[in-house]
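Visitor: Before we start, please show me the model. I would like the cut-offs stated as each term comes up.

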Amino acid sequence: VMLLTLCPLSVLAKSSLEVQLKKSTGELGRPVYLKIIGKDLNSDLSMLSLQSLNVQFVVGSKDLETEILQQSDADSNQFGNAPIHQQTLSLKLNPRQTGELLIPPFSIDKISSAEKRVTIRDATTDGEKISVDWKLTATEAWQREQIIVLLTLTTPEQYATVKLAQETVDGFEVTALPVKRVWNENKHTNRSIITAGWSLIPLKPGSMAVDLPAIEYHLSGVIRRVFYLPKIKLKIHPLASYLPPTIPVGRIQVKTSVAPTGILNTNELAYWNIHLESQSLTPYWLPSILRQINSNDSIHFFPATSQRSVHPDNKGVHGRVTHTIPFKPLQNGFLDLPELKIQYFDPASGRLETIVHRAEQPFSASMQIRFLIILILSILLVYLLTRTYRYIGARLQYKKQHQLAVDKIRHANTIDDAIAGLRMIGKAEGWSTNLTIYKWLELWQQRYQVDDKLETCTRSLSDIYYGNSEQHNLKNLIHELAELVTKPRRIATRFRLD
């Protein structure tokens with residue numbers, strides 16, 4: 001009796017910690033509801049550590065209620081009529097995976113609860129599975145080296161889509177990749193294939209388990225499910241201490257152009273466009289190059305305007321920076337734009353690389369120089385047109401004379417008429433008009449491809465012409481000669497360096 005008088009009744013009351021599941025089964029993408037009930041605890045139940053749940057669940061929400069309960073008759077007979085202070089911590093848990101998941105024991109004030117198990121089934125709709133698959137491009141990377149998480153969700157619901165929650169990930173720069181949906185029809189089943197993902201740029205080294213943002217499953221504008229991926233384990237290697245803290249990690253492409261194109265006006269504004277792009281970097285990690293661009297005696301540069309953008313796809317974040325630099329040419333001639341030096345750390349080779357980009361050399365000219373250039377070009381054009389006109393006229397005249405000569409040979413009745421036709425051909429070629437038949441043949445062989453028939457024919461005609469042969473086959477020889485000289489094939493000109 002004395003012990004009961006000295007000790008408070010609340011201490012004698014029995015403290016307890018109990019876990020209650022609303023259901024012992026659940027479905028991926030749907031929350032599991034859990035209650036942790038503590039009676040007559042000295043500590044606030046909101047201080048209870050829930051870290052052990054994070055391996056297989058994501059804690060969605062917490063709600064704490066406190067109430068005072070009256071004891072039962074049996075307890076009041078043992079401990080008196082003191083009320084029981086009960087705390088109820090309600091949790092919404094989002095499962096990360098399927099299977100039998102463990103809800104471990106909780107402990108507070110040296111009081112522990114019993115463990116519970118819940119079975120999580122695959123997500124289904126109308127009896128058909130909704131599958132969520134993912135893969136990493138790498139589990140080890142350098143600090144600030146891009147890691148891609150590729151997500152593929154397949155569902156029988158044609159118009160379903162996903163939205164990636166806008167959440168930050170501690171120690172990472174996260175960029176969501178675009179969501180794409182393709183409806184795939186085949187004989188057995190029709191399914192919608194949805195692809196998405198994230199670009200992760202680790203900002204600090206070490207081994208870590210990463211929580212990725214939630215994946216919201218939308219249908220008809222309503223969130224039907226929320227999926228959470230298991231924690232991903234990554235090992236991030238530190239960069240060498242001698243590297244600057246802002247050194248880009250990943251390859252960089254450089255492109256430049258000058259506007260307007262063509263010849264620039266001296267002492268008038270033009271624009272130098274510099275494009276920096278990297279598949280694996282956001283634009284804020286791309287290097288600053290504007291300090292390398294300074295005015296000189298031939299060019300005056302003005303302050304630049306810069307635009308940054310990302311164009312993510314399933315291969316990377318594709319950060320881009322475009323610098324537009326106004327400048328004014330101060331002299332005539334080719335402008336020597338500054339060369340650009342860019343350094344980056346190549347994760348593939350583990351080395352520091354340097355790019356040296358040499359831009360095009362635009363040509364600048366004043367109005368006087370432009371007038372002089374136009375005048376020279378005009379004179380050159382007139383000269384070329386004149387030469388072309390003369391050449392075409394000469395070719396037409398040649399073809400006309402050549403055809404007349406061939407017709408004279410074809411209609412020749414005497415050996416004199418045939419030889420006169422040959423000399424007309426020689427005149428059209430620019431040769432002397434009193435050539436012998438052998439000399440004519442020699443010049444013809446130097447200019448055109450000749451077979452043995454022409455040589456035999458001309459020898460026979462020469463014999464007849466000089467009276468060394470009978471004329472009984474003259475008509476056949478004349479006809480053969482006309483055919484052989486009608487369409488001559490010029491010998492290809494060869495150049496040789498001796």
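**Aromatic pairs, cores and backbone**

Visitor: Are Trp444 and Tyr448 buried or exposed?
Guide: Relative accessible area, taken with a 1.4 Å probe on protein chains only, sets the class: under 20% is buried, over 50% is exposed, and in between is partly exposed. By that rule, Trp444 and Tyr448 are both buried.

Visitor: What kind of model is this, and from what number are residues counted?
Guide: This is a predicted model, in which local features need pLDDT of at least 70 and side-chain atom pairs count only at pLDDT 80 or more, while totals for chains, interfaces and linings use all residues. Side-chain values use heavy atoms, leaving out hydrogens and water, and along each chain, as its sequence is written, residues are numbered from 1.

Visitor: How many aromatic pairs does a search of the whole structure find?
Guide: Rings of Phe, Tyr and Trp (its six-membered ring) pair if their centres lie within 6.5 Å; planes under 30 degrees apart are stacked, over 60 edge-to-face, and the rest tilted. Searching the whole structure with this rule gives a count of nine.

Visitor: What type of pair do Trp431 and Trp444 make?
Guide: A pair of aromatic rings is described by the distance of the centres and the angle of the planes. For Trp431 and Trp444 the centres are 6.5 Å apart and the planes stand at 85°, so the pair is edge-to-face.

Visitor: Where in the chain do Trp431 and Trp444 sit, and how many residues apart are they?
Guide: Helices (H or I, at least four residues) and strands (E, at least two) are DSSP runs, numbered from the N terminus. Trp431 is in the loop between α5 (415-429) and α6 (437-447), and Trp444 is in helix α6 itself. The pair thus links distant parts of the chain, with a separation of 13 residues.

Visitor: Which element supplies the largest share of the lining of the largest cavity?
Guide: On a 1 Å grid over the protein atoms alone, a cavity is a set of points where a 1.4 Å probe fits but cannot get out, and lining residues have an atom within 4 Å of a point. The lining of the largest cavity consists of Ile419, Leu422, Arg423, Leu435, Thr436, Ile437 and Trp440. Helices α5 and α6 each give at least two of the lining residues, and the largest share, three residues, comes from α5.

Visitor: Which residues have the most contacts inside the largest nonpolar core?
Guide: A nonpolar core is a set of buried Ala, Val, Leu, Ile, Met, Phe, Trp, Tyr and Cys residues joined through side-chain atoms within 4.5 Å. The largest such core has 49 residues, and those with the most contacts inside it are Ile36 and Phe106.

Visitor: How many residues does the other core have?
Guide: The largest core has 49 residues. Apart from it lies another core, which includes Ala418, Trp444, Leu461 and Leu474 and has a total of 29 residues.

Visitor: How far is Leu48 from Ile36 in space?
Guide: Leu48 lies in the loop between β3 (32-39) and β4 (57-69) and is buried, with a relative accessible area of 6%. Beyond its neighbours within four places in sequence, Leu48 is in contact (heavy atoms within 4.5 Å) with Ile36, Phe106, Ser107 and Ile108. Leu48 and Ile36 are 12 residues apart in sequence, and their C-alpha to C-alpha distance is 9.8 Å.

Visitor: What is the phi of Lys110?
Guide: Most residues other than glycine have a negative phi, and most peptide bonds are trans. Lys110 lies in the loop between β7 (107-108) and β8 (111-112) and is exposed, with a relative accessible area of 86%. Although Lys110 is not a glycine, its phi is positive, at about 60°.

Visitor: What is omega for the peptide bond between Ala259 and Pro260?
Guide: Pro260 is located in the loop between β21 (253-259) and β22 (264-265). The bond joining Ala259 and Pro260 is cis, with omega at about 0°.

Note on methods. 1 Å grid on protein atoms, 1.4 Å probe; cavity = no way out; pocket = protein on both sides within 12 Å on 5 of 7 lines; lining within 4 Å.
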